[in-house]
Amino acid sequence: MSSSEPVHLPAAEALRLVERAKAAAQGPGRLPSWYGPAFAVAFAVYGTALGQAIGAGVSWLSGVFGVAFAVLTGSLAAVANRSGGIVRRMSPGLGRPVVLAVLQVLAAALAGLLLAWAAGGGARWMGAAAGVAAGAAFWAASRWLNTHVRRLLEER
């Protein structure tokens with residue numbers, strides 16, 4: 001059979017291939033390579049700044065840093081979304097992995113904070129440790145989620 005001859009597929013098989021192609025086209029692309037490291041740096045800077053503000057006794061800066069962190073990470077997410085690398089709506093089977101990823105980031109931040117506290121570090125060290133740990137965990141979790149989402153899309 002030459003490659004120019006049409007291949008006859010059963011209707012059900014053709015519909016299944018069309019649905020898979022449609023899901024793949026609508027699904028997210030790979031996250032940009034800068035996404036994880038940029039968020040990791042944002043978390044680390046935020047944690048360090050928060051620790052410094054509390055350590056210096058100017059806790060009111062916590063709100064300013066929180067707003068700055070939200071603006072920065074929101075902007076990073078918007079840019080990544082425009083490049084097609086973020087899920088636009090929750091698909092079935094994605095809720096649990098997202099919750100697990102968020103819990104991993106929170107647990108890493110808490111672990112970093114507790115380790116710095118156990119080592120005798122003050123608020124400055126505790127904030128920095130929590131931020132760096134949360135950033136590293138976010139980076140790892142975003143890579144894991146990206147792989148998981150792509151696997152879910154391929155299974156459809």
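Of the 156 residues of the protein, 32% count as buried. The model is predicted. The accessible surface comes to about 9,900 Å². Carbon and sulfur atoms account for 68% of that surface. The protein holds five helices and zero strands. From the N terminus on, its elements run α-α-α-α-α. Sequence separation in the contacts was also examined. Among contacts between residues at least 6 apart in sequence, 78% join residues at least 24 apart.

The pairing of α2 and α3 was examined next. Two packed helices are described by the angle between their axes and the distance between the axes. Helix α2 spans residues 35-55, and helix α3 spans residues 61-82. Their axes come within 10 Å and cross at roughly 175°. Angles over 145 degrees count as roughly antiparallel, so α2 is roughly antiparallel to α3. On the α2 side, the contact is made by Tyr-35, Ala-38, Phe-39, Ala-42, Phe-43, Tyr-46, Ala-49, Leu-50, Ala-53 and Ile-54. On the α3 side, the contributors are Leu-61, Ser-62, Phe-65, Gly-66, Phe-69, Leu-72, Thr-73, Leu-76, Ala-77 and Ala-80.

Residues of α4 and α5 were then considered. Helix α4 covers residues 95-118, and helix α5 covers residues 123-155. Ala-101 lies in helix α4. Its relative accessible area is 5%, so Ala-101 is buried; the cut-off for burial is under 20%. Ala-101 touches Ala-141 and Leu-145, not counting residues up to four places away in sequence. Ala-101 and Phe-138 are 37 residues apart in sequence. In space, the C-alpha atoms of Ala-101 and Phe-138 are 7.6 Å apart.

Ala-134 lies in helix α5. Ala-134 counts as buried because its relative accessibility is 4%. Not counting residues up to four places away in sequence, Ala-134 touches Phe-43, Val-105, Ala-108 and Ala-109. Phe-43 is also one of the α2 residues in the contact between α2 and α3. The C-alpha atoms of Ala-134 and Leu-106 are separated by 6.7 Å. Along the chain, Ala-134 and Leu-106 are 28 residues apart.

Leu-106 also belongs to a nonpolar surface patch of about 540 Å². The patch is made by Val-99, Leu-100, Val-102, Leu-103, Leu-106 and Trp-144. Helix α4 provides the largest share, five residues. Trp-144 has its place in helix α5. With 37% relative accessibility, Trp-144 counts as partly exposed, because that class runs between the limits of 20% and 50%.

Thr-147 is likewise found in helix α5. The relative accessible area of Thr-147 is 40%, so Thr-147 is partly exposed. Thr-147 and Leu-31 are 116 residues apart along the chain. Their C-alpha atoms are separated by 9.7 Å.

Technical notes:
Residues are numbered from 1 along each chain as its sequence is written. This is a predicted model: local features need pLDDT of at least 70, side-chain atom pairs count only at pLDDT 80 or more; totals for chains, interfaces and linings use all residues. Side-chain values use heavy atoms; hydrogens and water are left out. Patches are made of residues with over 30% relative accessible area and no salt bridge: like charges are joined within 9 Å, nonpolar side chains (Val, Leu, Ile, Met, Phe, Trp, Tyr) within 5 Å. Accessible areas come from the Shrake-Rupley method with a 1.4 Å probe; for residues, only the protein chains shown count as cover. A salt bridge is a side-chain nitrogen of Lys or Arg within 4 Å of a carboxyl oxygen of Asp or Glu. Helices (H or I, at least four residues) and strands (E, at least two) are DSSP runs, numbered from the N terminus. Buried means under 20% relative accessible area, exposed over 50%, partly exposed in between (1.4 Å probe, protein chains only). Axes are lines fitted to C-alpha atoms, for helices over the stretch in contact, and angles run from 0 to 180 degrees between N-to-C directions. Angles under 35 degrees count as roughly parallel, over 145 as roughly antiparallel, 65 to 115 as roughly perpendicular and the rest as oblique. Contact means heavy atoms within 4.5 Å.
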